[in-house]
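Please open the structure in your viewer and keep the selection panel at hand. We will go from one stop to the next, selecting a few residues each time.

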Amino acid sequence: TFRFNRLNATGGTTLNATPSPEGAVCAGNPNDDVWYKFVATSTSHIVSVTGSSNFDAVVAVYAGSCGGASIGCKDASFGGGTETLIFTTLTIGSTYFVKVFDYYNNAG
């Protein structure tokens with residue numbers, strides 16, 4: 001589950017996803033990444049991704065474009081855990097891109 005500010009949940013899967021060349025990552029093997037985007041409606045937003053028992057989520061956020069300037073990356077939990085990034089200096093009206101993938105080689 002992917003959430004913005006813990007209010008708007010968006011379900012998703014990386015099943016049959018393929019790697020994209022955009023964006024450096026903080027950890028893992030991004031061979032099954034999917035992308036989301038959001039427009040900042042305030043300077044503060046929370047991006048939270050919850051994995052499953054067979055999915056160790058890694059989340060990276062970029063400003064400007066897919067693979068643009070990295071503004072955050074998180075891989076602190078294991079399968080089934082939640083990765084949360086808290087932003088307090090976003091630009092209202094700007095678009096931000098979120099890359100989500102499984103830390104390991106398998107897509108969940």
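The colouring to begin with is pLDDT, which is the predictor's confidence in each residue, from 0 to 100. You need it here because this is a predicted model, and the mean pLDDT of the protein chain is 84, with 89% of its residues at 70 or more. Select strand E1 (residues 2–4), where confidence is lowest at a mean of 51, and then strand E7 (residues 82–87), where it is highest at 93.

Next, select Cys26 and Cys73, whose sulfur atoms lie 2.1 Å apart and form a disulfide; the count for this model comes to one disulfide. Looking along the link of Cys26 and Cys73, you will find that it is left-handed, with -70° about the S-S bond. Cys26 sits in the loop between strand E2 (8–10) and strand E3 (34–39), whereas Cys73 belongs to strand E6 (residues 69–74), so the pair ties together parts that are 47 residues apart in sequence.

Now turn to the largest nonpolar core, which has 16 residues, and select Val47, Val59, Val61, Val98 and Val100, the members that touch the most others. At least two residues of this core come from each of E3, strand E4 (45–50), strand E5 (57–63), E7 and strand E8 (95–102).

Finally, keep Val100 selected and show its surroundings: leaving aside residues up to four places away in sequence, Val100 touches Thr14, Asp32, Asp33, Val34, Tyr36, Val49, Phe55, Val58 and Val59.

Conventions: Residues are numbered from 1 along each chain as its sequence is written. This is a predicted model: local features need pLDDT of at least 70, side-chain atom pairs count only at pLDDT 80 or more; totals for chains, interfaces and linings use all residues. Side-chain values use heavy atoms; hydrogens and water are left out. Helices (H or I, at least four residues) and strands (E, at least two) are DSSP runs, numbered from the N terminus. A disulfide is a pair of cysteine sulfur atoms within 2.5 Å. A nonpolar core is a set of buried Ala, Val, Leu, Ile, Met, Phe, Trp, Tyr and Cys residues joined through side-chain atoms within 4.5 Å. Buried means under 20% relative accessible area, exposed over 50%, partly exposed in between (1.4 Å probe, protein chains only). Contact means heavy atoms within 4.5 Å.
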